[in-house]
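Here is a short tour of one protein chain, written for someone who likes to see the cut-offs next to the values.

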Amino acid sequence: MTSALQDLERRLQEGLGESVIGLKSVIRALTIAIVARGHVLVQGPPGLGKTLLSKSLAAALGGTFKRVQGTADLMPSDIIGVHVFDAAKGEFEFRPGPLFADVLLVDEVNRASPKTQSALLEAMEERQVSVERRTYALPEEFLVIATQNPGDFEGTYPLPESQLDRFMLRIEMTYPARGDEEAILTQFAALGELRKTPAAAVVSVSALEEARACVDLVHVAPELLGYILDLAQASRQHAHLSLGLSTRGALAVLHAARIAAALRGAAFVTPDDVKEMLPSVISHRLVPAPEAMLEGASTHGIVQSLLEQVPVPR
């Protein structure tokens with residue numbers, strides 16, 4: 001019997017599949033983030049459909065979509081909003097910025113200055129913003145999808161650790177397989193096709209709540225919690241890392257593994273669920289030590305070493 005969570009992923013795969021091709025694993029990751037109310041950092045070269053994917057997701061969820069382009073001169077107020085004097089009322093009125101959306105795409109977030117990047121911190125963690133001693137709530141299903149250019153691209157700023165830790169998952173987008181790319185060229189050969197996104201929502205708020213209820217039924221054994229804690233502790237003591245996994249990150253591993261288990265119809269989380277989700281959850285959170293970078297150690301290699309050295313519960 002198909003669960004509400006599995007039905008949710010099927011609807012998203014089918015709905016988004018009308019606009020994007022060859023991104024099934026990416027859509028699965030987005031499904032996990034949506035159910036967990038987490039945010040997503042997407043990294044990869046330009047021109048792979050990240051904006052189209054984000055816009056299509058908002059349409060599939062029946063929500064509003066806003067986009068912000070990261071530039072060196074982008075200011076926090078450009079994202080959050082500003083107070084404007086209303087002459088008729090004789091008072092200042094808050095005009096919300098693009099942050100007030102169900103799905104916010106921050107394109108090339110690492111081209112914005114650290115000051116502007118920090119404008120997202122409160123919004124991503126607490127789903128609210130504070131302006132002039134007043135607090136404004138964001139939409140209940142507020143989701144940030146930030147795209148990031150590789151660090152060696154010109155004009156990029158490294159994201160601060162506190163912000164990276166607020167992204168539940170990091171998704172690596174690479175060039176599509178030849179067959180998928182051929183399908184893209186065929187489908188979008190007509191110029192008008194480029195603007196197409198899902199015409200109607202395929203996922204309701206009630207469907208999201210039912211999917212989350214399915215996840216709550218998945219059992220997590222104490223030994224499994226211990227395994228996640230052991231991985232977190234090992235990252236904090238790793239010789240090649242100057243900053244390991246935070247408690248927020250460990251919680252994200254637990255939530256992601258639990259959703260992954262529910263997606264395959266399991267009643268409990270296994271170590272394999274943790275291993276499957278660990279790279280996407282912690283790779284962007286780990287800060288390599290200077291000597292590790294000199295030795296050519298990669299974050300991916302460090303994550304694999306953590307999985308090899310931490311005993312798996314039986």
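Let's begin where two helices touch: Leu-224, Tyr-227, Ile-228 and Leu-231 in H10 meet Pro-271, Val-274, Lys-275 and Leu-278 in H12, a contact being heavy atoms within 4.5 Å. This is a predicted model, in which local features need pLDDT of at least 70, side-chain atom pairs count only at pLDDT 80 or more, and totals for chains, interfaces and linings use all residues. Residues are numbered from 1 along each chain as its sequence is written, and side-chain values use heavy atoms, leaving out hydrogens and water.

**H10 against H12**
- By class, this contact of H10 with H12 has 7 nonpolar, no polar and 1 charged residues; Ala, Val, Leu, Ile, Met, Phe, Trp, Tyr, Cys and Pro count as nonpolar, Asp, Glu, Lys and Arg as charged, and the others, Gly among them, as polar.
- Helix H10 spans residues 222-236 and helix H12 residues 271-282; they pack at an angle of about 35°, with axes 10 Å apart.
- Axes here are lines fitted to C-alpha atoms, for helices over the stretch in contact, and angles run from 0 to 180 degrees between N-to-C directions.

**H12 against H14**
- H12 also has helix H14 (residues 299-309) as a partner: their axes come within 10 Å and cross at roughly 145°.
- On the H12 side the contact is made by Lys-275, Leu-278, Pro-279 and Ile-282, and on the H14 side by Val-303, Gln-304, Leu-306 and Leu-307.
- The residues of this contact of H12 with H14 divide into 6 nonpolar, 1 polar and 1 charged.

**The chain as a whole**
- The protein chain holds 14 helices and 11 strands, which are DSSP runs (helices H or I, at least four residues; strands E, at least two) numbered from the N terminus.
- Its C-alpha atoms fill a box of roughly 70 × 45 × 40 Å along the principal axes.
- Of the 314 residues, 47% count as buried, where buried means under 20% relative accessible area, exposed over 50%, and partly exposed in between (1.4 Å probe, protein chains only).
- Among contacts between residues at least 6 apart in sequence, 77% join residues at least 24 apart.

**A loop residue: Tyr-175**
- Tyr-175 sits in the loop between strand S9 (167-172) and helix H8 (178-187).
- Is Tyr-175 buried or exposed? Tyr-175 is exposed, because its relative accessible area is 61%.
- Leaving aside residues up to four places away in sequence, Tyr-175 touches Pro-45 and Leu-48.
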